[in-house]
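Me: Please take a close look at one part of this model. Walk me through how it is put together.

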Amino acid sequence: MPETQASDRIESRKRPILIVEDDPVDQEMIELAFKRAAVENPVITLSSGQEALEFLDAQGKFQWRRVSDLPAVIILDLNMPQMDGFEFLRRVKAEKRFAAIPVVVLTTSQFERDLTQSYALGASSCLTKPSDFEQLVKIAAEVDQYWCRRNRIPENG
C-alpha cells in the first residue's frame, strides 16, 4: 500500500481520549464536558491506574483493543486508591511504547510539590480541575484543539 494511503487511513481513524479518574461524579462531568465541546475522538473512561495500564497493554478485558490504537492523550487524576496518578505516570513514561503519549494531569490538588512531581515524572501538562462545568467544557475543547488535532505523536507511541 502506498505510504499516503496508509497515512490517510490512520488520520481518518480518531485516537481515543483516555480518562483515568476514580470518582464517578467527576467521570460523568468530564465525559459530559467532552460531549458538550463536540469532541469527535472517542472518550474512554477508566477508574484506576491499573485498569488504564491494562487498556494500554490490550490485556484482560481490553484484549479487543488493537495495540496500535494508542490514545491521543491521557487525562489523569492524581488522587486515586491502589495506584495513584504518580505511580501511573512513572510506569507509563518508563515504557518505551507509551512514553510519547501526552498525559494531562487534571487534579484538584493545589500543592506545588504535586505539580513538580507530575512534571518530573513526564506529565505533558497540569491543569486544575474546575468546579464550574462551563470551565470544564472549555478545558475539554482546548484538549481537543491542541492534543487531538494539533499535537502529533508517533503512530506506535
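Reply: Lys61 is exposed, at 55% relative accessibility (exposed is over 50%, buried under 20%, partly exposed in between; 1.4 Å probe, protein chains only). This is a predicted model, so local features need pLDDT of at least 70 and side-chain atom pairs pLDDT 80 or more, while totals for chains, interfaces and linings use all residues. Residues count from 1 along each chain as its sequence is written, and side-chain values use heavy atoms, without hydrogens or water.

Lys61 sits in the loop between α3 (49-57) and β3 (73-76) (DSSP runs numbered from the N terminus: helices H or I, at least four residues; strands E, at least two). Its C-alpha lies 9.3 Å from that of Glu51, 10 residues away along the chain.

Now the sheet that β3 belongs to. Five strands form an open, parallel sheet, ordered β2-β1-β3-β4-β5 (strands pair if DSSP finds at least two bridges between them). β2 (43-46) and β5 (125-128) are the edges; each has a single partner strand, so one side of each lacks a neighbour in the sheet. From one strand to the next, the twist averages 20 degrees (angles run from 0 to 180 degrees between N-to-C directions of lines fitted to C-alpha atoms, for helices over the stretch in contact).

Helix α4 (residues 85-94) touches β3 and β4, at about 160 degrees to β3.

Back to Cys126: it is buried, at 15%. Cys148 is buried too, at 18%. The structure holds zero disulfides (cysteine sulfur pairs within 2.5 Å).

How values were computed:
Contact = heavy atoms within 4.5 Å.
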